[in-house]
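Please read it beside the sequence and the coordinates.

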Amino acid sequence: MEIKQVTDPTEKQHVTRFILESLTDWFGLEEARENYIAESVDKIFFCAYDEDRPVGFLYLKETGNATVELYVMGVLAEFHRKGIGRELFYSAKKAACEEGYSFLQVKTVQMGKYEEYDKTNKFYLSLGFHEFEVFPTLWDEWNPCQIYIMSLK
């Protein structure tokens with residue numbers, strides 16, 4: 001397994017589409033998927049490759065002068081629980097530090113709403129994120145938005 005920073009916009013879109021279309025339990029809304037694909041082109045982007053096959057990716061989005069967001073991450077289901085997401089995160093965190101950001105945030109569905117997202121929440125907590133705030137209706141009433149944050153300094 002190799003983690004690489006990807007700079008080519010076409011490769012970013014290809015990887016994002018390939019992975020997200022394979023993860024419909026998390027990325028089932030076509031409009032949202034297409035937005036992630038379109039937005040990937042100018043983001044800090046990392047991909048995990050198994051030989052030449054992309055098996056996971058992550059990209060960061062600036063949300064303020066001092067803050068970057070782990071905006072989207074996906075790992076093919078058959079590669080879950082193999083440390084790929086963690087390695088992608090470490091690469092992205094290092095890049096965020098090198099770019100001079102002070103904080104890293106991530107948004108997900110609040111713990112206790114869906115089993116799939118409870119696993120996601122536990123993963124972010126295991127990386128060192130801390131609960132920041134819940135917005136009960138930011139997305140909609142069925143998906144309260146949990147924001148986690150981490151200091152990079």
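1. Five of the seven residues of strand 5 (103-109) are buried, so this strand is largely enclosed by the rest of the structure. Buried means under 20% relative accessible area, exposed over 50% and partly exposed in between, with a 1.4 Å probe and protein chains only. Helices (H or I, at least four residues) and strands (E, at least two) are DSSP runs numbered from the N terminus.

2. On provenance, this is a predicted model, in which local features need pLDDT of at least 70 and side-chain atom pairs count only at pLDDT 80 or more, while totals for chains, interfaces and linings use all residues. Residues are numbered from 1 along each chain as its sequence is written, and side-chain values use heavy atoms, with hydrogens and water left out.

3. Strand 5 pairs with strand 4 in the parallel sense over three bridges; two strands pair if DSSP finds at least two bridges between them. Phe103 in strand 5 is the bridge partner of Thr67.

4. The sheet is open and mixed in pairing, with seven strands in the order 1-2-3-4-5-7-6. Strand 1 (2-6) and strand 6 are its edge strands, each pairing on one side only. Strand 6 runs antiparallel to strand 7 (residues 143-151), and six bridges join them. Val134 stands opposite Gln146 of strand 7.

5. Helix 1 (residues 9-20) packs on the sheet and touches strand 1, strand 2 (44-50), strand 3 (53-62) and strand 4; contact means heavy atoms within 4.5 Å. The direction of helix 1 makes about 110 degrees with that of strand 3. Helix 2 also packs on the sheet, touching strand 3 and strand 4, and its direction makes about 80 degrees with that of strand 3. Axes are lines fitted to C-alpha atoms, for helices over the stretch in contact, and angles run from 0 to 180 degrees between N-to-C directions.

6. Is Lys43 buried or exposed? Lys43 is buried, with a relative accessible area of 14%. Lys43 lies in the loop between helix 2 and strand 2. Leaving aside residues up to four places away in sequence, Lys43 touches Lys12, Tyr59, Leu60 and Lys61.

7. Helix 4 (115-126) gives the most to the lining of the largest pocket, with eight residues.
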